[in-house]
Structures are given as structure tokens and as C-alpha cells.
Amino acid sequence: MSEKPFLYVVVCAAGVAADVSKLITRAQERDWEVGVIATPLAMNGFFDAAAVETQTGRPIRSAWRRPGEPRPFPAPDAVVVAPATFNTVNKWAAGIADTLALGTLCEAAGLGVPIAVLPCVAGALAAHPAYRDSLTRLRGMGVRFGDPYEGESEVDGGRPEFGWERALDLLRRE
Ligand SMILES: Cc1cc2nc3c(=O)[nH]c(=O)nc-3n(C[C@H](O)[C@H](O)[C@H](O)COP(=O)(O)O)c2cc1C
């Protein structure tokens, strides 16, 4: 049994997920044991799953376990959702649990586990009233959000720094 606190990193299907290893490295440097839960779509080539499994030393979880199977991860001491998509934020706020990632998030909030979220949502989607309502609802549940991030710039083709470490800083906040 690990003595380090256990961090769930929930990964959604956004382009910046390709760099999620940066977050895992920073978390491990801060002495977190890390387990990754990815949405089914995020497993569809959004990041290097094999590299992440090597990095964490654990299989990535994406599907529900079968009844009777043991939980593969210990209970979380904290959860980071990064990157968080428009889709997952809205479904989470609505209480939908049709992916393991969403079920885990809905449950973690109810258990009072600290949760930090780094959304990666383009401005056009972020303007949708359902999204604004979702942020309000989740904040009301105590969920902590990093600054908005819109993804890759169409203008220069570059990708501004996502700032993965902000998620870990948000967890420290009282
Ligand atoms: C290449 C690519 C990049 C994407 N980037 C984003 C993104 O940055 N933010 C977002 O909300 N959706 C993004 N999407 C759309 C999501 O993948 C889509 O809404 C999906 O339903 C999200 O599923 P999930 O929330 O279960 O991971 C992207 C899709 C593709 C194909």
C-alpha cells in the first residue's frame, strides 16, 4: 500500500491532452502518486497512453470495472481534471455519469475530495449559457477552476502554454 497521497488525473478529449505527461511529472515531483482516468474519446489518440502508463506505473482507467472486480485504484485524496472539455464539464454539472471519468467526478464532489479543473474550451463554446451555468453550479459545489484556456491559436498556429501546474496550485488552496 502506497503511503503517498493519491491523485486522480482525469483526462478529456482535447488537443492539449497530448502534453498531459507534463502534469504527471509535476505531480510526482510534488510527491503525489498518480492514477489516470481518461474519457473513452481521450483514449482515441489524444495522448500517448502507453507512455502515461509507464510514467504512472499503473494502467489507465477508462471503462467501468465489471461487477465483483476490485477497484484498481485507491480512493483519491484529490482529483485534477485536465484538460476539461466543454462536454465533460456540462455533463458533470448535470449529474450525468455515463463514463467512468464522469462517474468518478460526480462521486468525488459528493465525498468532499478536493477537485481542480483546467478547462480547455474555445470562446465560442464557452459563451454557451449552459456552460456558464455549469461553471456556476460546479463552483457552488466547491470545485476549483483555473483560468479559461481556448486551445490552439488559429492565428499563428502556436499553442500558448497550458500551465498544467496551476491545477496542483489550486489543490493547495484552502
Ligand atoms: C483534435 C480535436 C481537438 C479537440 N479539442 C477540444 C478542446 O480543446 N476542447 C473541447 O471542449 N473539445 C475539444 N474537442 C471536442 C471533444 O473531443 C468532444 O466534444 C468530445 O465529445 C469530448 O468528449 P469527452 O468530454 O468525453 O472527453 C476536440 C476534438 C478533436 C477531434
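## The ligand and its shell

Ala, Val, Leu, Ile, Met, Phe, Trp, Tyr, Cys and Pro count here as nonpolar, Asp, Glu, Lys and Arg as charged, and the others, Gly among them, as polar. By that scheme, the shell around the ligand holds eight nonpolar, seven polar and no charged residues. In total 15 residues surround the ligand, the closest being Cys12, Ala13, Ala14, Thr39 and Thr85; a residue is near a molecule if its C-beta atom, placed from the backbone, lies within 6 Å of it.

This is a predicted model, where local features need pLDDT of at least 70 and side-chain atom pairs count only at pLDDT 80 or more, while totals for chains, interfaces and linings use all residues. Residues are numbered from 1 along each chain as its sequence is written.

## The sheet

Let's turn to the strands. Five of them form an open, parallel sheet in the order β2-β1-β3-β4-β5. Strands (E, at least two residues) and helices (H or I, at least four) are DSSP runs, numbered from the N terminus, and two strands pair if DSSP finds at least two bridges between them. Because β2 (33-38) and β5 (144-145) each have a single partner strand, one side of each is left without a neighbour in the sheet.

Strand β4 (residues 115-119) is joined to β5 by two bridges. Ala116 has Arg144 of β5 as its bridge partner.

## Helix α3

Helix α3 spans residues 86-93, and seven of its eight residues are buried, meaning that 20 or more other C-beta atoms, placed from the backbone, lie within 10 Å of a residue's own. Among them are Phe86, Val89 and Trp92. Just after α3, Gly95 takes a positive phi of about 80°.

How values were computed. A residue is buried if 20 or more other C-beta atoms lie within 10 Å of its own, exposed if 12 or fewer, and partly exposed in between; C-beta atoms are placed from the backbone.
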